[in-house]
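Subject: Structure handover

Hello,

The structure is below, with the sequence. My notes on what was found in it follow.

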Amino acid sequence: IVLDKESAEPITRFKVKTGQGSWKEYQAPNGLFEIQANGEKCQRVQIKSDGYAVTTSPPICHDAENPTVIELGISGVIEGVVIDEEGRPLEGVKISYRYPRSRNEEPEEKIITTSDPNGLFVIEDVPENSTWQWFVISHPGYAPEVIQIEAEEGYITETEIVLKKGGTIEGYVYDSHGVPLPETDLFFLDEPQYQYWNEHRGRLGSVTTDSNGFYRITNMPEKLCFGFRHKPDEQLGVVCAAILPINGETMQMDFGGKWVTTGRLLRDGAPMANIRLLLQGNTVGNETTFVSYANTDSEGRFTFWGIPSGRRYVYWSIPGLRSWEQWSEIGRFDLESGVDMDLGDFESQLAEVTIQVAAENANEKLDEYDIRVQRYDKEVFYGTKVGKLLPRTEINAPYVYSYLTPGIYEVKARRDGHPTIHKVFEIKQGQKEIEVDMSIPAGNASLSGNIISGDLGMVTVPCILRNVDQSLTMKIKRLPDGTYNVENLPAGDYIIGRSSAALNRQSKIKEVSLKSGENKKLDIEAGSIGRKFGGYLVVLIITKEGLPLAGPKVWLEKDGNIIDPHFDSDKSKSFAGDVGEYTLYAEYPGYKNIRQRVSIKSKDELNTQEILKPIVITMSR
């Protein structure tokens, strides 16, 4: 049912959009409408009506006793002016929404409005919703800006936007043999995913190299800019690189170069020919600022050309596997720009793991479990799926995964409505076969209660329940009525933590013990879920050339306490902590150590863009 937020009276004419579908118009004297149920899942819809802000509904569930109430409020208005660095108004500036449009719309279709001769613009009907408050500001001859402007329902927000000329990036593109590549297309984005170009997202511009392999692109913003070759995963050589431009200056960024990083891939002492290799600035499956590909020759030798300084992760592709599952790590190496390096010989090895699943409960439905193997991560329960499951002939047959290389892995047994069971194992060098016994414990205890939202409104951050040895986990989801319920739990000691993308093996909100058959009530305070610390800091480490430096050890200290980053990549390093002053330290071989005062600012006093804007630390030799 759709109601006016102020009067609580039904809104009789409105439009509804479910998922990626089109808008459907309703005329309902009592404000009621229905949607088709999607199995057992709850759904959210978007509602819009003349004079009101577009609103996303709470979850609409098929088994709810009463209609879901959706309140529409008066939309906000943004009035702004766009000027250049000299304070002169800019006419014809295009203002577009960043996110709440179809990914495949052409850039021109995303335009909301343009500025007038005095640089003025007005955006009406802005919802009080953060995803609608990100805007792209662009004008020929200036660097585009992505800006978050917080609008409030029923109010006018005034803003001034300054467009700069931006910086220039130039350099050469080399092939997989160190030869300059003529007539090669490059695509520049402000996000590290090439597919966003095809989705018309994050575009900064494109350029084609000349007959000498040289390119030059202007009007790049003062933020990390990612350059890609066309269809990067199908190319050889450097296919992705990033740089931080400086307004009014020209920066050099080559794709490849004249120096080499070499090695040889063997199996049982024999060369592995025509094997694809990957070199990047972070572990596979995670965002990175640098990617290069190579192939082995008939002698198993591989060569990467022009790899810049930093710690690089090198992988070889296992034939027969796809996506991130195919990549097996060779090693992690500290490379130096302009310096040739021979990494030596690497003996590749493939092993097979046999997983025998048994249950304490004789009536357990083992055929309903999904058994998979993933790379083990000491910080989180998530990991890249690996291996290839061989065909099974009967329900009780073991699960056999092939194409595994030496390393630490985790087996996960998942079933809807039941805890996920974990078993960590290691494949050591020289092992070709390994057996893992996995037991599904019987569980007849349960835990339920309320997730208390307090002043934070509806809680969307889920929790995760884990036992003390981390061999069992189960997500805790807040239902529309604010309650939760988890069942089929074995007796034992448990910890409730945040199910965040980082450190969810360590997060602790509450502890609870369950006896066999016990049904315990436990309320969880939402404030503890949403945040543990009140402050946040993002750090970008670059060289004096403006290139991200992968691999430095970075930490914060205050009063003898050390804070390590909870997200740590070549793109950025993020710290969560109490608000206040800290000392930042950074170390990397061959570079001068950094010791610098920094501030962790309150998340309550900053918008998302301000929180995520990194402080830039330059390390020099």
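**Charges over rings**

In this predicted model, the charged end of Arg312 is placed over the ring of Phe290, 4.8 Å from the ring centre. Such a placement requires CZ of Arg or NZ of Lys within 6 Å of the ring centre and within 35 degrees of the ring normal. Arg276 likewise lies over the face of Tyr293, 4.2 Å from the centre of that ring.

Two notes on conventions. Residues are numbered from 1 along each chain as its sequence is written, and side-chain values use heavy atoms, with hydrogens and water left out. As the model is predicted, local features need pLDDT of at least 70 and side-chain atom pairs count only at pLDDT 80 or more, while totals for chains, interfaces and linings use all residues.

**Aromatic pairs**

There are 18 aromatic pairs, counted when rings of Phe, Tyr and Trp (its six-membered ring) have centres within 6.5 Å; planes under 30 degrees apart are stacked, over 60 edge-to-face, and the rest tilted. The Tyr194 and Phe228 rings have centres 5.7 Å apart and planes at 50 degrees, so this pair is tilted. It links distant parts of the chain, 34 residues apart: Tyr194 is in the loop between β15 (185-189) and α1 (195-198), and Phe228 is in strand β18 (residues 225-229). Both Tyr194 and Phe228 are buried, that is, under 20% relative accessible area (1.4 Å probe, protein chains only). Phe187, Tyr194, Trp197 and Phe228 make up one aromatic cluster.

For Tyr215 and Phe255, the ring centres are 6.0 Å apart and the planes at 75 degrees, so the pair is edge-to-face. Tyr215 counts as buried at 1% relative accessibility, and Phe255 at 0%.

**The whole protein**

The secondary structure comes to three helices and 51 strands, taken as DSSP runs (helices H or I, at least four residues; strands E, at least two) numbered from the N terminus. Along the principal axes, the C-alpha atoms fill a box of roughly 75 × 75 × 50 Å. Of the 621 residues, 47% are buried.

Regards

Terms used: Buried means under 20% relative accessible area, exposed over 50%, partly exposed in between (1.4 Å probe, protein chains only).
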